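Let's take a walk through this model, starting at the surface and then moving on to the aromatic rings.

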Amino acid sequence: MKFRKEFDSIGKISVPDDKYWGASTQRSKKYFDIGEFLVRPTLIKSIAIIKKAAAITHSKDKQILPRISKAIIKASNEIISGKLDNHFPLKVWQTGSGTQTNMNVNEVIANRAIEILGGKKGSKKPVHPNDHVNKSQSTNDVFPTAMHIAIAIETNKKLLPALDLLNKELKRKISQFKKIVKVGRTHLQDATPLSLGQEFSGYQSQLNDCIQRIKSALKEIYMLAQGGTAVGTGINSKKGFDKKIIKEIRKITKLPFKPTKNKFAALAAHDEIVNFSGTLNTTAVCLMKIANDIRFLGSGPRAGYGELILPANEPGSSIMPGKVNPTQSEAVTMVCVKVIGNHNGITMAGSHGHFELNVFKPLIAHNILQSIDLLADSSKNFGKYCIKGLKADKEKIKFYLDNSLMLVTALAPKIGYDKAAQIAKSALKNNTTLKTEALKSGLINEKDYEKIVNPKKMINPY
């Protein structure tokens with residue numbers, strides 16, 4: 001491997017000659033070699049969007065030469081397209097502001113721009129990573145802006161479409177199952193009837209509300225910190241730069257970003273992301289309930305509830321032939337636990353903003369983007385490979401319904417709660433039917449019983 005000498009304020013350091021990164025990145029590789037997780041590509045690309053927007057703004061304001069601006073824009077576009085992904089080697093666990101990652105992007109853009117302009121990599125001429133690529137910026141406003149951009153892009157591109165897909169599959173089940181009346185369950189015990197469609201309408205309503213919460217929380221994510229520079233004052237940036245650069249970011253992303261109302265808060269705290277993570281946490285809680293219900297209702301086939309027939313996507317056991325397991329539900333529930341854990345981490349990290357800067361930014365970015373990614377993938381799979389192929393075991397459902405003692409609830413308004421309770425207890429004790437014990441009691445005749453104790457009439461107000 002060939003090396004070249006790069007330099008920074010600390011001194012000279014050897015850098016692999018086939019890489020575009022510089023001294024700051026090389027030092028970070030050495031001093032922050034912690035764990036396996038690299039900074040996510042979507043965050044890197046979001047920083048490159050900022051650099052591109054800054055170069056456009058500076059060119060329009062005649063603050064940097066057009067040829068330098070064009071080279072920076074071209075290099076930024078290569079990062080955004082993914083062409084330079086292998087030039088970003090840094091781990092998540094680094095300085096809490098994300099300075100090394102911001103400098104990694106600055107250096108890659110600068111060296112690639114130098115190369116485009118026919119210069120020598122590492123010379124910092126004619127393009128300097130700080131003076132040109134990072135002009136009018138600080139890591140302290142770039143990194144939170146990039147976090148917001150990445151969250152907004154991934155939510156719109158990936159998470160919301162995946163949740164919409166699952167939502168549509170649940171809606172289809174409401175229609176398919178609307179005429180199937182089944183035993184309800186509360187406290188894991190038999191309760192009054194409902195339709196399987198009504199049960200699924202609860203799931204769909206839960207998920208739909210989560211989607212609306214996410215969309216509402218996105219409004220705060222569209223507010224960007226860019227222009228605050230080091231501590232929120234905007235030092236070293238021209239007046240109006242914040243509005244101009246965010247206008248360019250808006251054009252590049254086609255998302256409705258705006259300058260934040262208070263840059264001091266935007267650098268020192270990340271309440272917007274904590275709030276957004278809270279909606280993902282709620283979505284995880286929602287999906288946990290849905291996935292658990294479905295795997296319990298599909299348990300069996302002989303010794304469980306067995307009301308639902310789950311799609312057989314793959315063999316369920318390496319030792320038990322013919323076994324089918326609720327694997328999609330299991331994957332979803334594991335994701336939910338991870339997302340809930342990520343939210344706890346974001347909550348703690350968000351609470352540690354000290355004076356003018358929160359220095360848990362890389363952790364916050366990693367957790368929130370991982371949660372978005374996992375929820376999107378698992379929701380899409382759950383919708384396509386579980387909910388879509390769900391079937392109802394009508395015979396099993398009818399058997400449970402016909403033998404349910406809680407149908408006696410319909411008799412209570414006619415004969416009173418206490419007498420209805422006695423009939424149910426007698427049927428359980430004698431292992432007989434409700435009808436047998438009701439008629440034996442003499443409290444109601446057969447004609448009235450058949451009219452009143454009709455499960456299909458018990459799933460709505462009388």
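Lys 447 counts as exposed because its relative accessibility is 70%; exposed means over 50% relative accessible area, buried under 20%, and partly exposed in between (1.4 Å probe, protein chains only). Lys 447 sits in helix H17, residues 446-452, where helices are DSSP runs (H or I) of at least four residues and strands (E) of at least two, numbered from the N terminus. Together with Lys 414, Lys 451 and Lys 457, Lys 447 makes up a patch of positive charge on the surface. This is a predicted model, so local features need pLDDT of at least 70 and side-chain atom pairs count only at pLDDT 80 or more, while totals for chains, interfaces and linings use all residues. Residues are numbered from 1 along each chain as its sequence is written, and side-chain values use heavy atoms, leaving out hydrogens and water.

Now for the rings. The structure holds 4 aromatic pairs, meaning rings of Phe, Tyr and Trp (its six-membered ring) with centres within 6.5 Å; planes under 30 degrees apart are stacked, over 60 edge-to-face, and the rest tilted. One of them is edge-to-face: Tyr 222 and Phe 257, 5.6 Å centre to centre with 75° between the planes. This pair links distant parts of the chain, 35 residues apart: Tyr 222 is in the loop between helix H7 (196-221) and strand E5 (223-224), and Phe 257 in the loop between helix H8 (241-253) and strand E6 (258-259). Tyr 222 counts as buried because its relative accessibility is 11%, and Phe 257 is buried at 0%.

Notes: Patches are made of residues with over 30% relative accessible area and no salt bridge: like charges are joined within 9 Å, nonpolar side chains (Val, Leu, Ile, Met, Phe, Trp, Tyr) within 5 Å. Accessible areas come from the Shrake-Rupley method with a 1.4 Å probe; for residues, only the protein chains shown count as cover. A salt bridge is a side-chain nitrogen of Lys or Arg within 4 Å of a carboxyl oxygen of Asp or Glu. Lys and Arg count as positive and Asp and Glu as negative; His and the chain ends are not counted. The place of a charge is taken as NZ of Lys, CZ of Arg, CG of Asp or CD of Glu.
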